[in-house]
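Dear colleague,

Please find the structure below.

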Amino acid sequence: MNSPTAANMLPVPIDDEGTPVSVKIRERLAAARRRFHANDNIAEFIEPGELEKLLDEVEVKMQGVLDSLVIDTDGDHNTNDTARRVAKMYLNEVFKGRYVDQPPITEFPNAEHLNELMIVGPLTVRSACSHHFCPVIGKIWIGVMPNEHTNVIGLSKYARLVDWIMGRPQIQEEAVVQLADLIMEKTQPDGLAIVMEASHFCMSWRGVRDTDSRMINSVMRGVFLKDSALRREFLSLMPRKN
């Protein structure tokens, strides 16, 4: 009887066709030692075609949730396709900022050596809290103090960056820090100021059901931290509704 050769002793590749796509993405994240918290972007670990498969997987899991809520989705025409709609909403809309690459941002040199305070806002914020997945709706104001080396980006690009960061399950305090880090990296200004004011449906729709409360927080970087007069100027010029 012939002894087995090295070739036929090699392990047979395992067919992973039956492996859920979420498991494959998790394995890539684990191999790269990258975290995947609710407000992290994981686009670089999703291969072409996998987002549609992930949508299918979320639909199946969402149907299980509806079944456990004892909703007759077969007999109820209003919820017959709800699982698919919710899956598309989460992956393609409200949490899109987790699954797609950063929007392209064209940067220009500060040819005119602009060095005066610039304020952008209010920009609309649409997000969801990480705790209950309830909507967070509000406004954000961004103040930039450029220098001659600052990269200049178009006004609409600030809105795109806000939408990308906020399009994830967020905690407001962490969201403004993520946005500040991103804008500082892109523009390299002398200073950056961000103020966010938002209503949290986890307080108005559930819990204490206080419909009038707002959360306001800020992040100050560079000269805005050191120069109280500049900080006051930004806050006084920040266009606010009456």
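Helix α5 covers residues 155-166; helices here are DSSP runs of H or I with at least four residues, strands are runs of E with at least two, and both are numbered from the N terminus. The expected span of a helix is 1.5 Å times one less than its number of residues, so the twelve residues of α5 should span 16 Å, and the 17 Å between its end C-alpha atoms agrees with this. Tyr158, Leu161, Val162, Trp164, Ile165 and Met166 of α5 are buried (buried means under 20% relative accessible area, exposed over 50%, and partly exposed in between, with a 1.4 Å probe and protein chains only).

The model is predicted: local features need pLDDT of at least 70, side-chain atom pairs count only at pLDDT 80 or more, and totals for chains, interfaces and linings use all residues. Residues are numbered from 1 along each chain as its sequence is written, and side-chain values use heavy atoms, with hydrogens and water left out.

The pLDDT, which is the predictor's confidence in each residue from 0 to 100, averages 89 over the protein chain, and 89% of the residues score at least 70. Over residues 1-15 the pLDDT is below 50, and this stretch has one contact in the model beyond near neighbours in sequence (contact means heavy atoms within 4.5 Å). Where pLDDT is low, the predicted coordinates should not be read in detail.

The whole structure holds nine salt bridges, a salt bridge being a side-chain nitrogen of Lys or Arg within 4 Å of a carboxyl oxygen of Asp or Glu. In one of them, Arg28 meets Glu47 at 3.5 Å, N to O. Arg28 belongs to helix α1 and Glu47 to the loop between α1 and α2, so this pair ties together parts that are 19 residues apart in sequence. Arg28 also forms a salt bridge with Glu50, with the closest N and O atoms 2.7 Å apart. That pair links helix α1 to helix α2, across 22 residues. Glu50 counts as buried because its relative accessibility is 7%, whereas Glu47, at 43%, counts as partly exposed.

Which side chain of opposite charge is nearest to Arg98? Asp40 is, at 6.1 Å, and Arg98 is buried yet has no salt bridge (Lys and Arg count as positive, Asp and Glu as negative; His and the chain ends are not counted). The side chain of Arg98 does reach the backbone oxygen of His37, at 3.1 Å. Asp40 forms a salt bridge with Arg35, the closest N and O atoms lying 2.7 Å apart.

Yours sincerely

Methods. Polar contact = N/O pair within 3.5 Å; in protein donor to acceptor, adjacent residues only side chain to side chain.
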